[in-house]
Amino acid sequence: MGKTNIVKECLRDNWIKQYFNMGIVYNSANKIFTGENLIDVPSCSSETLPPLLYKYFSFPKSRREINKRMRQIANRRLWFSSRKLMNDPKDLMTINTDLLSEDEKNYYVQVVDEKIYFCLCQDPTNVLMWAHYAKSFSGFSLGFRYNQNYDFPKIKSVSYQPRNFVEEYKKFYEMKCNDVIKTLVTGTLADTMLFSVQHFEEHIWLQKLNEMILYTKTAEWSYEKEYRLVLSASKFTKKSKISGKLIEADSVGLEIAEITIGLSCSEKNRKRVIKVWRKLNRGSASPIRLFELKYEGDKLTRKEQSNLYK
């Protein structure tokens with residue numbers, strides 16, 4: 001074995017020992033062994049997504065805002081929101097930051113506030129989602145097909161934690177700051193890592209730390225069965241604080257595949273949705289299907305409006 005390879009092996013062994021001494025061992029079941037118990041963490045690997053994911057919309061109060069929203073959708077532009085505009089004030093704040101050191105807290109806030117978010121769910125007939133996000137069934141929903149074949153930002157499912165995972169976060173933050181990792185990842189010996197990386201932020205441990213922060217909600221929200229697409233706001237603006245950003249759907253791998261009109265949608269708004277649907281179809285490579293929500297007994301279901309396809 002050459003001198004360079006010996007150095008690499010020693011550094012890699014030292015890196016593994018550092019983690020072992022910290023009481024942390026990673027296994028393929030996406031669990032961290034802390035020496036006392038196993039902690040579940042979100043997976044960094046690509047997950048199998050449902051064929052379609054759904055976003056629920058309500059109609060704003062003013063006609064001007066309604067027309068603005070419908071134009072955005074007709075032009076396939078989607079609003080990615082900052083954390084501060086999310087409906088849950090505790091979203092992305094599932095850790096009690098009062099229990100963190102100043103550095104740990106600053107990193108946590110930096111991660112969540114530097115991102116913009118587009119949230120979806122897997123169920124087009126979720127009663128609570130229609131009630132909460134489509135304003136008592138009076139709105140509509142869009143069904144999206146996600147292109148997983150290209151290098152787009154990855155959509156990931158949200159993990160619902162029943163507890164505040166401060167200790168887990170502290171462990172991950174400790175790993176992030178480990179000098180051995182920094183040396184390996186930023187230096188010329190990065191190929192000794194167990195995972196191929198190009199930048200420090202792509203390191204598997206930092207990725208898991210970020211996922212723990214960005215894709216976790218408290219258990220009360222589990223009915224949403226949420227999936228989340230997260231982008232770095234700095235890629236779109238130099239402003240340090242923004243409320244959100246309109247993003248072209250196809251630029252992030254999303255394609256509108258379905259529209260569903262709510263059960264209590266007014267006739268005027270129903271016509272608005274159909275008008276947008278027709279415009280979208282004229283510029284779509286694949287036909288966009290149109291549904292209306294309905295009840296069959298006690299079951300909420302959808303009926304395709306095939307008579308409008310002519």
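**Strands, a pocket and salt bridges**

Colleague: Which residue stands opposite F140 in β7?

Modeller: That's F57. Bear in mind it's a predicted model: local features need pLDDT of at least 70, side-chain atom pairs count only at pLDDT 80 or more, and totals for chains, interfaces and linings use all residues. Numbering runs from 1 along each chain as its sequence is written, and side-chain values use heavy atoms, without hydrogens or water.

Colleague: How many bridges join β4 to β7?

Modeller: Five, and β4 (residues 53–57) runs antiparallel to β7. Strands here are DSSP runs of E with at least two residues, helices runs of H or I with at least four, numbered from the N terminus. Two strands pair if DSSP finds at least two bridges between them. β7 also has seven bridges to β13 (residues 254–261), again antiparallel, with Y146 opposite L254.

Colleague: Why is β7 largely enclosed?

Modeller: Because six of its seven residues (140–146) are buried. Buried means under 20% relative accessible area, exposed over 50%, partly exposed in between (1.4 Å probe, protein chains only).

Colleague: What's the lining like by class?

Modeller: It has 17 nonpolar, four polar and 10 charged residues. Ala, Val, Leu, Ile, Met, Phe, Trp, Tyr, Cys and Pro count as nonpolar, Asp, Glu, Lys and Arg as charged, the others, Gly among them, as polar.

Colleague: And how many salt bridges does the structure hold?

Modeller: 15, each a side-chain nitrogen of Lys or Arg within 4 Å of a carboxyl oxygen of Asp or Glu. R270 and E292 form one at 2.7 Å, N to O. That pair links distant parts of the chain, R270 in helix α8 (residues 267–282) and E292 in strand β14 (residues 289–296), 22 residues apart.

Colleague: Are K217 and E224 buried or exposed?

Modeller: Both are buried, and their side chains meet at 3.0 Å, N to O.
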